[in-house]
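Dear colleague,

I am handing over the structure below, and after it you will find what came out of the analysis. Please keep the two side by side as you read.

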Amino acid sequence: MSLMVMSLWLAACGGSNNNESAATEAPTEAPTVEETPAELKLTDALGNEVTIPANPQRIIASYLEDHLVALGVKPVAQWSVQNGTQDYLKDSLNGIPPIPYDLPFEAVTSFNPDLILIGGNSAVEGDKYAQYAKIAPTYTLGDEINADWRKSLLKIGEVLGKSEEAQKVLDDYELKAKEAKEKLQGVAAGESAAAVWLVQESFFVVSDKLSSGAVLYNDLGLTVPEVVKEIAATGTGNWNAISLEKLAELDADHIFLINSDVDSGSEALKDPIWQAIPAVKNGKLYEYPRTASWLYSGAIANSQIIDDVLESIVK
């Protein structure tokens, strides 16, 4: 009887050990399942419900390329006008063919896009949106968002499923601008600056709240000259026409000149009125070619503008 009880007890212990061993050897984690990108359904600024394809590969985003490049995305075609493309992006967009700025339907179709991103409302007025939507899913940012490069960057990040990347690009830019502002305060506190564009013998001055003007005055904290305030108050664009006589009143400590007339001799810069402007006489004129980023806006364009300002003033 004792032997029988001992045998049963040993058997029970063995069974218990086997169960514990089996439980120990059983997998403790579920197998990893790779997630594949999914389509997104978003409503654009015009109220259109747009199905964004998963991981689009052939994007057309005319004049929005700065945001794409900042997010590590290459479009299938890039914005262009008769004079060329956005030269400041040439290294990133090398080999990307041009497409006319007004996006003719035939040209768009020829690139076989899988997603079209549109900036302002006017680009899809009338039946244009319907025509583009027949070619590929078309998402319009709308005038309000398109007018603010920060909002545009974040919105495109959302559309492309790259919101985290977009926020990081923006955070990196804000940090760079903050550090640059501190450097400028150390050497040029309270000093003023203006950006002037010379093209076809005519002068334009940048608005105090738009384009490179927003970088100079808002991001970098330079003072707005009174003449710039006056012209911007009645102007309607990023760059507003200014006469040479009005430029003579420009009370700027520093002038950044974007010269598009180099090839034709820049005759306007030889005028005595221009030569008499205080910043010009004092050697505080910094000249950049039309290929520079001063005429554009975005994380990349504005970052290059900051580099130019620091190089010119801080040195």
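Two strands are taken to pair if DSSP finds at least two bridges between them, and helices (H or I, at least four residues) and strands (E, at least two) are DSSP runs numbered from the N terminus. The model is predicted, so that local features need pLDDT of at least 70 and side-chain atom pairs count only at pLDDT 80 or more, while totals for chains, interfaces and linings use all residues. Residues are numbered from 1 along each chain as its sequence is written, and side-chain values use heavy atoms, with hydrogens and water left out.

With these terms, three strands form an open sheet in the order S3-S6-S7, and their pairing is parallel. Strand S3 (59–60) and strand S7 (138–140) are at the edges with a single partner strand each, so one side of each has no neighbour in the sheet. Two bridges hold the parallel pair of S3 and strand S6 (residues 115–118), and Ile59 has Leu115 in S6 as its bridge partner. Helix H4 (residues 128–135) packs on this sheet, touching S6 and S7 (contact means heavy atoms within 4.5 Å), and its direction makes about 140 degrees with that of S7; axes are lines fitted to C-alpha atoms, for helices over the stretch in contact, and angles run from 0 to 180 degrees between N-to-C directions.

A further open sheet has five strands in the order S10-S9-S8-S11-S12, with mixed pairing. Here strand S10 (239–242) and strand S12 (285–289) stand at the edges, each with a single partner strand, so one side of each lacks a neighbour in the sheet. On average, neighbouring strands of this sheet are turned by 30 degrees against each other, direction ignored. Strand S8 (residues 193–199) pairs with strand S9 (residues 202–206) in the antiparallel sense over four bridges, and Trp197 stands opposite Phe204 in S9. Helix H9 (residues 226–234) packs on the sheet and touches S8, S9 and S10, its direction making about 105 degrees with that of S10.

Strand S1 (residues 40–43) and strand S2 (residues 49–52) run antiparallel and are joined by four bridges, with Glu49 in S2 as the bridge partner of Thr43. Their hairpin has five residues between the strands, and in it Gly47 takes a positive phi near 90 degrees.

As for helix packing, the axes of helix H7 (residues 163–188) and helix H8 (residues 211–219) come within 10 Å and cross at roughly 60 degrees. That makes H7 oblique to H8, given that angles under 35 degrees count as roughly parallel, over 145 as roughly antiparallel, 65 to 115 as roughly perpendicular and the rest as oblique. In this contact Tyr173, Ala177 and Lys181 in H7 meet Val215, Asn218 and Asp219 in H8.

Finally, the pockets: a pocket, on a 1 Å grid over the protein atoms alone, is an open set of points where a 1.4 Å probe fits, with protein on both sides within 12 Å along at least five of seven lines, and lining residues have an atom within 4 Å of a point. The largest pocket holds about 900 Å³ of space, a volume being the space filled by probe spheres set on the points, which are joined across faces, edges and corners. Of its 36 lining residues, Tyr63, Leu64, Asn146, Ala147 and Asn238 are the closest to its centre. The second largest pocket has a volume of about 620 Å³, and among its 21 lining residues Asn83, Trp197, Ser260, Leu295 and Tyr296 lie nearest its centre.

With best regards
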